[in-house]
Amino acid sequence: MTERLKDTTVVIASSEDESVFRCIESVRDEAKIVVSLTPSDSIEARLKKMQIPHVVVPKGNLGITFNAGIEHAETPKVIVMTDDATFDPEAIGKLSEALEEYDACKARIIFHHDKQRPLTRLVANARDFINSSPTRAYTPGLGLKRDIKERMGGHYFNDQIRWAEDAEFSYRLHERGLSFGYIRDAVVHHPPVSLRHDLQGAFLIGLSKRRAVEMDLKEGSEDLIPTLQRLASGETIQRKSDVVREQDLPTAGYMILWDLFYNLGYNLRKIGLSDQI
């Protein structure tokens, strides 16, 4: 661990995935590491052999996983990662340095695609468009000061939100007036994501959004009928003009499809047909 990063811990959330060791390797001894993982005898054994501190949590709630790792860290700064992502050299140092100025900050995420699976390019483009917003405090590559906990309402990530926990974190961060920075030259890499996995995620995020509204954690309405009316009138396509400009027309079309899956999850939760969360 370098002297200049002795005040920083990388918290890696892992769910029975050996890719966590690629993430660990990308840290390159720059900072302390804490792995927060769901039960896995093989991964725990390897972490013990590598003498990497870790904490075991129940499966199925990334907010709980993140929180346990942050609480286990002993440094004033943490950088939150998922096990499928990796750091560019110097990314950790740049995020740590930014935390001297900001309460929280995020890296630029490069979403990769698989040339053998062309549809993964649509997912990568869509995620790049969303995550490149300078105000969204999303993971992976999210840096934060541990002392913001009380100003965030007594917790970091809300463990009542099983999906899109970082979106709720971002909403609360800005609502409470904490400072935030987008550090574009601190780069994190994310592997290709399949269309099916991304659309499943859209549905689950819709469920979580409705759960947050029910708990008065977020405002907003995603009623299905007005959504379909906007789509039929062409208003939805007009709203995606910035996606066409910054990405391309197929990506805009895919993001409309993603929004429909998101709205489906939201509305099934609203009328009580899906109580998965």
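Student: Which residues form one aromatic cluster here?

Tutor: Phe66, Phe157 and Phe169 form that cluster. Before we go on, this is a predicted model, where local features need pLDDT of at least 70 and side-chain atom pairs count only at pLDDT 80 or more, while totals for chains, interfaces and linings use all residues. Residues are numbered from 1 along each chain as its sequence is written, and side-chain values use heavy atoms, leaving out hydrogens and water.

Student: How many aromatic pairs are there, and what describes one?

Tutor: A pair of aromatic rings is described by the distance of the centres and the angle of the planes. Rings of Phe, Tyr and Trp (its six-membered ring) pair if their centres lie within 6.5 Å; planes under 30 degrees apart are stacked, over 60 edge-to-face, the rest tilted. By this rule, the count is three. For phenylalanine 66 and phenylalanine 157, the centres are 4.9 Å apart and the planes meet at 40°, so this pair is tilted.

Student: Where in the chain do those two phenylalanines sit?

Tutor: Phenylalanine 66 is in helix 3 (residues 62-72), and phenylalanine 157 is in the loop between strand 7 (142-145) and helix 6. They are 91 residues apart, so the pair links distant parts of the chain. Helices (H or I, at least four residues) and strands (E, at least two) are DSSP runs, numbered from the N terminus.

Student: Are these two residues buried or exposed?

Tutor: Buried means under 20% relative accessible area, exposed over 50%, partly exposed in between (1.4 Å probe, protein chains only). Phenylalanine 66, at 0%, is buried, and phenylalanine 157 is buried too, at 1%.

Student: Which aromatic pair is stacked?

Tutor: Tryptophan 258 and tyrosine 262 stack, at 5.8 Å centre to centre with 15° between the planes. These two lie four residues apart in helix 11 (residues 249-270), so about one helical turn separates them. Tyrosine 262 is buried, at 12% relative accessibility.

Student: What does aspartate 166 touch?

Tutor: Setting aside residues up to four places away in sequence, aspartate 166 touches Ala137, Tyr138, Thr139 and Phe157; contact means heavy atoms within 4.5 Å. Aspartate 166 belongs to helix 6 (residues 165-175) and is buried, at 11% relative accessibility.

Student: And how much of the whole chain is buried?

Tutor: Of the 277 residues in the chain, 50% are buried. The chain holds eleven helices and eight strands. Among contacts between residues at least 6 apart in sequence, 72% join residues at least 24 apart.
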